[in-house]
Amino acid sequence: RFQHLSPESDVDNLTTEIATALEELPAGGLGKAELRGTSWNAQNLGDLPIPKATRCQVVRVDGLTLLVRPL
């Protein structure tokens, strides 16, 4: 019923955005990353750790967790 009132914008799509690791993200591990000025939980999907202050690409979002890969 209200579907026609929702904007058809891709504003909330965070995939392909670039985040910055706020701490080292171990390979396959969890940590924190910053995206659009906000701190997020982040999981490194890569095989190598992502050092602190390194840029990484958002592959997917699972709830409030960014799933990222190193650039």
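Ala-42 has Leu-66 in β5 as its bridge partner. In this predicted model, β3 and β5 pair in the parallel sense, over four bridges. The pairing belongs to a closed barrel of five strands, ordered β1-β2-β3-β5-β4, with mixed pairing. From one strand to the next, the twist averages 55°.

**Strand pairing**

- Strands of a sheet pair through backbone hydrogen bonds, either parallel or antiparallel.
- β2 and β3 are antiparallel and share six bridges.
- Lys-32 has Asn-41 in β3 as its bridge partner.
- β2 and β3 form a hairpin, with two residues between them.
- Arg-36 sits in that turn and has a positive phi of about 55°.
- β1 (residues 18-21) and β4 (residues 55-62) run antiparallel, joined by three bridges.
- Ala-19 stands opposite Cys-56 in β4.

**Salt bridge**

- The count of salt bridges comes to one.
- The side chains of Arg-36 and Glu-17 form a salt bridge, at 3.2 Å from N to O.
- Arg-36 lies in the loop between β2 (30-35) and β3 (38-44), and Glu-17 in the segment before β1, so the pair ties together parts 19 residues apart in sequence.
- Glu-17 is partly exposed, with a relative accessible area of 27%.

**Nonpolar core**

- In soluble globular proteins, nonpolar side chains tend to be buried together.
- Here the largest nonpolar core has 13 residues.
- The residues with the most contacts inside this core are Ala-19, Leu-25, Leu-35, Ile-50, Val-58, Leu-66 and Val-68.
- The elements giving two or more residues to the core are β1, β2, β3, β4 and β5 (65-70).
- Leaving aside neighbours within four places in sequence, Val-68 is in contact with residues including Leu-25, Ile-50, Cys-56 and Val-58.

**Ala-33**

- Ala-33 is found in strand β2.
- Ala-33 has a relative accessible area of 0%, so this residue counts as buried, the cut-off being under 20%.
- The C-alpha atoms of Ala-33 and Ala-21 are separated by 4.2 Å, although the two residues are 12 apart along the chain.
- Leaving aside neighbours within four places in sequence, Ala-33 is in contact with Ala-19, Thr-20, Ala-21 and Leu-22, among others.

Terms used. Residues numbered from 1 in each chain as written. Predicted model: local features only at pLDDT ≥ 70, side-chain atom pairs only at ≥ 80, totals over all residues. Heavy atoms only, no water. Pairing = 2+ DSSP bridges. Axes fitted to C-alpha atoms, helices over the stretch in contact; angles between N-to-C directions. Salt bridge = Lys/Arg side-chain N within 4 Å of Asp/Glu carboxyl O. Buried < 20%, exposed > 50% of the residue type's maximum accessible area, 1.4 Å probe, protein only. Core = buried A, V, L, I, M, F, W, Y, C linked by side-chain atoms within 4.5 Å. Contact = heavy atoms within 4.5 Å.
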